[in-house]
Amino acid sequence: MRAGTCRSVAAAPRGSGRCRPFWRALIVGCLLLLVTAACTTSREEPGLFPKPQPTVSEATEPVPTPEQGNPALPVAGEAVWTTAEGLDATVRVAVHAVRRIEGATVLDWSVTPLSVPGLVRGESIPPWVDLGLSRQSEGQVNVFLIDGQTHQVYRPLTPRDRDERGQCLCTPLWVAQLNLRVGETRLMQITYPALPSALQTVDLDIATLPIFRQLPVTAIGYVPLPLRPVELTRGSELSVPLSRAVSFEYPAGTGNLMSVRIDEIQAAATGTSLRWTIRSLTDQPTLNLLPAEEPLAAAMPSWIGLYSPWATSGPQLRPSANPAAGLSNVRWMTTKLQNRGYFECLCTDLGTWATALRSAGGSVSVITNFPPLGRSVTTVDVTLPGVGTVLNLPVTWVRPHQMPLSTLALSSGRPWTYAVDGPPAGWLAADWPTPLPGSGQLRHYTATVDDLVDLPR
């Protein structure tokens, strides 16, 4: 055996010192292990087993920072609305431009989520968020351009192909809703028929908001530039309601209760918008299962074919200073569904987005639009059929939503083409000016222009 090696304990003669350093090191090492184990166990309370440490996959991922706003993004008008599908997402809707292109008109608008309970700035909103603007026909979006002078309604372009009928040449609402984040602006587009060359301004009806009045229409190839930046992610301004809530039994004879509160009355040369809040005081299990009744919806003659049985067409207006004047009723639009003519309310439709009303405490904000008031009218009475009349409510006369312009600039970006398997999902504020739909695809789409009408009650 070579010097300095030990095969086993038995191999070393009794009293031999050749392997003592090895044994001493081994004993010291064992003692250190015992001490270390004892110390580690003493730090783990109350049991003997160490607590599991989070793995890399369990670690909380950092919330992405929202894209910054763009000071060069023009804002012609804006309004705030809260969803009613259960998320209670407060969003700011803004209008940026109405642009002419060869053979059509493009609306640039955006949605900026301001707050969602349980979410922080930068977090994605659940995909089931509902902006309350979807429809089942004619472009699948309740957003229209209106000529307030000729009373014509311009609807989104729809495909000629029957397999794609109902979709619009636009940023589909359902796609945009999948990409919303708190504190981030999502730019969108909708394409409409070409406006008359002499038409310099147009009204914009976004069904859940007061009508944006007299928006400027820009020339082909140009976009407006703002004189000052607008911070779209700022908090929402609280407004004081015009009336107390009025409660009533709904539907009649059921014992269930609802209430209505008048929030705002906006008047302009081309029309009047009534913003009001509907609240369920008890559960409403039949909501959307039965046609809406007074005071939510107007009782109409049976010969009038209505597009939706849940339109908020109930309220009526009358100037307070002239109680002898006739009541002003909601405005209607002509429309078609499966090639049959109907009348559609120029108001918010209580569709499936309003699920909050099915439970006690749930509420929704809705809009009902009327013909213009006389310029001298400062207060109106609001009649809720079957309930009563709220007297002497102040009217806010709004100025046209004119965009502050310094100069005009050519739009940029390559044209986009709508594809069923890859529709545009919208753009960020930094992408302005956004690209426009390619004019070569317009021949595959149908232009629809309807009329504003007044119907009897």
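A residue is called buried under 20% relative accessible area, exposed over 50% and partly exposed in between, using a 1.4 Å probe and protein chains only. The legends below use these words throughout. This is a predicted model, in which local features need pLDDT of at least 70, side-chain atom pairs count only at pLDDT 80 or more, and totals for chains, interfaces and linings use all residues. Residues are numbered from 1 along each chain as its sequence is written, and side-chain values use heavy atoms, with hydrogens and water left out.

**View 1**
Let us start with some backbone angles. Most residues other than glycine have a negative phi, and most peptide bonds are trans. N392 has a positive phi near 55° and lies in strand β18; strands (E, at least two residues) and helices (H or I, at least four) are DSSP runs numbered from the N terminus. N392 counts as exposed because its relative accessibility is 52%. H151, also not a glycine, has a positive phi of about 65° and sits in the loop between β4 (143-147) and β5 (152-159). With 30% relative accessibility, H151 is partly exposed.

Y250 is joined to P251 by a cis peptide bond with omega near -15°, and P251 belongs to the loop between β10 (246-249) and β11. The bond between W432 and P433 is cis too, with omega about 0°. P433 is found in the loop between β21 (427-428) and β22 (445-453).

A pair of aromatic rings is described by the distance of the centres and the angle of the planes. Rings of Phe, Tyr and Trp (its six-membered ring) pair if their centres lie within 6.5 Å, and planes under 30 degrees apart count as stacked, over 60 as edge-to-face and the rest as tilted. The whole structure holds two aromatic pairs. One of them joins F248 and Y250 edge-to-face, at 6.3 Å centre to centre and 90° between the planes. Both F248 and Y250 are buried.

A pocket, on a 1 Å grid over the protein atoms alone, is an open set of points with protein on both sides within 12 Å along at least five of seven lines; a cavity is a set where a 1.4 Å probe fits but cannot get out, and lining residues have an atom within 4 Å of a point. Grid points are joined across faces, edges and corners, and a volume is the space filled by probe spheres set on the points. The largest pocket has a volume of about 1100 Å³. Its lining numbers 43 residues, and V80, W81, E237, S239 and R275 are the closest to the centre. β1 gives the most to this lining, with six residues. R275 lies in strand β12 and is buried because its relative accessible area is 18%. Contact means heavy atoms within 4.5 Å; not counting residues up to four places away in sequence, R275 touches P210, S239, I262, D263, E264, S365, V366 and I367.

**View 1. The largest cavity.**
Across the whole structure, three cavities of 30 Å³ or more are found. The largest cavity holds about 130 Å³ of space. Of the 16 residues lining the largest cavity, Y307, E344, C345, C347 and D349 lie nearest its centre. Strand β15 (residues 340-345) gives the most to the lining of this cavity, with three residues.

**View 2. N329 and its neighbours.**
N329 is placed in the loop between β13 (316-319) and β14 (332-337) and counts as buried because its relative accessibility is 18%. The side chain of N329 makes a polar contact with the side chain of Q316 at 2.7 Å. A polar contact is a pair of N or O atoms within 3.5 Å; within protein, one must be able to donate a hydrogen and the other to accept it, and residues adjacent in sequence count only if both atoms are side-chain atoms. Leaving out residues up to four places away in sequence, N329 touches Q316, F370, P371, L455 and R457.
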